[in-house]
Amino acid sequence: MHSYISSPGKTVQILSRYGIRLKKSLGQNFLIDTNSAKKIISYAGVNADDVILEVGSGIGSLTEILFPNVKRVVCVEIDNHLIEAFKDIFSENLGEKIQLIKADALKLNYADIAGKYKINKVVSNLPYNIAAPLILKILIEAEDIKKLFITIQKDIAERLLASVGDKNYSSYTIKSNFLADFNFCFQISRNCFLPKPFVGSVVVEASRKDNRVLMDEDFKTGDFFDFVNSCFLHRRKKLINSLSQSNTRYCDKLELIIKLLSEIGKNRDVRAEELYLKDYISLYKKLNT
Ligand code: SAM
């Protein structure tokens with residue numbers, strides 16, 4: 001009977017055969033539950049035309065189940081030792097259905113890579129330490145990638161999925177939700193990873209939003225994100241204080257900001273976590289036109 005890489009026995013066997021010691025600093029918590037791996041691929045609804053980006057392919061626990069069902073999987077991995085094992089395991093498919101890029105995923109340009117390989121989807125069990133910035137980076141850079149199915153630790157999922165007023169509602173929530181809609185798919189217990197992390201994981205679907213209308217109005221995403229960051233600088237303080245203290249661009253616009261806040265039914269004491277994404281977009285547009 002075929003045993004999958006994602007089975008506990010096969011993972012342990014591969015790690016010992018190649019003398020691999022897993023590194024916490026690289027978020028190396030490998031999926032050791034084949035049912036979860038298959039469920040991720042099934043939620044991703046992959047088909048024979050898909051070109052998938054898999055960041056952090058490790059020893060190929062997901063890759064093995066992904067690649068027979070798609071046109072191609074483009075894997076990114078930083079760890080040389082894992083890359084050697086991966087090349088050996090997938091030697092028959094490398095360069096064809098599986099492309100392996102050795103790189104730090106935070107240093108790649110995703111517009112270039114998505115263009116070169118015609119990538120349309122991401123399916124990845126992301127390294128914990130870089131997951132949050134990486135999700136934003138891919139969404140900002142690679143417009144052709146419309147869908148992401150990402151396995152991330154629970155605390156990051158809570159920040160992506162938070163609603164106004166939740167304790168996890170933050171500038172990160174606003175920025176990520178500006179770029180995409182996020183949906184909870186299912187949870188994966190921490191027992192399904194080796195080594196066992198402190199918290200469980202969640203599979204989240206991200207669907208890119210079409211912000212072309214805003215861009216036509218000369219809306220600058222980077223500036224907008226600076227504005228949001230400034231509003232959230234002191235989470236427990238009033239938004240107008242955080243903004244005027246941290247962003248010189250807005251410090252002489254206090255009266256206008258108070259007027260704009262009142263137009264959306266908020267008073268001058270409002271805190272950053274009380275405003276919706278649409279409020280931030282409207283405030284930013286009115287302050288910058
Ligand atoms: N895909 C495998 C699985 O599902 O079991 C491994 C996932 S593990 C959570 C994350 C992987 O990302 C590890 O293989 C790790 O070496 C890799 N990684 C960590 N930091 C990285 C980085 N900056 N760039 C690329 N890969 C990275």
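A backbone N or O atom of glycine 58 lies 3.5 Å from an oxygen atom of the ligand. The model is predicted: local features need pLDDT of at least 70, side-chain atom pairs count only at pLDDT 80 or more, and totals for chains, interfaces and linings use all residues. Residues are numbered from 1 along each chain as its sequence is written, and side-chain values use heavy atoms, with hydrogens and water left out.

| Residue and atom | Ligand atom | Distance |
|---|---|---|
| Glutamate 54, polar side-chain atom | nitrogen | 3.4 Å |
| Serine 61, polar side-chain atom | oxygen | 3.4 Å |

Taken alone, the ligand exposes 590 Å², and the protein buries 98% of that (Shrake-Rupley method, 1.4 Å probe).

The ligand is surrounded by 22 residues, each with a heavy atom within 4 Å of it. The closest are Gln28, Leu31, Gly56, Glu77 and Ala105. This shell holds ten nonpolar, eight polar and four charged residues. Gly counts as polar here, and Asp, Glu, Lys and Arg count as charged.

The ligand takes up the space of the largest pocket. A pocket is an open set of points on a 1 Å grid over the protein atoms alone, with protein on both sides within 12 Å along at least five of seven lines.

The protein chain is assigned two domains: domain 1 (8–209) and domain 2 (221–287). Their bounds come from an automatic or database domain assignment. The C-alpha centres of domain 1 and domain 2 are 34 Å apart. Across the boundary, 14 residues of domain 1 are in contact with 15 residues of domain 2 (heavy atoms within 4.5 Å).

Methods. A polar contact is a pair of N or O atoms within 3.5 Å; within protein, one must be able to donate a hydrogen and the other to accept it, and residues adjacent in sequence count only if both atoms are side-chain atoms. On a 1 Å grid over the protein atoms alone, a cavity is a set of points where a 1.4 Å probe fits but cannot get out, and a pocket is an open set with protein on both sides within 12 Å along at least five of seven lines; lining residues have an atom within 4 Å of a point. A molecule sits in a cavity or pocket if more than half of its atoms lie within 2 Å of its grid points.
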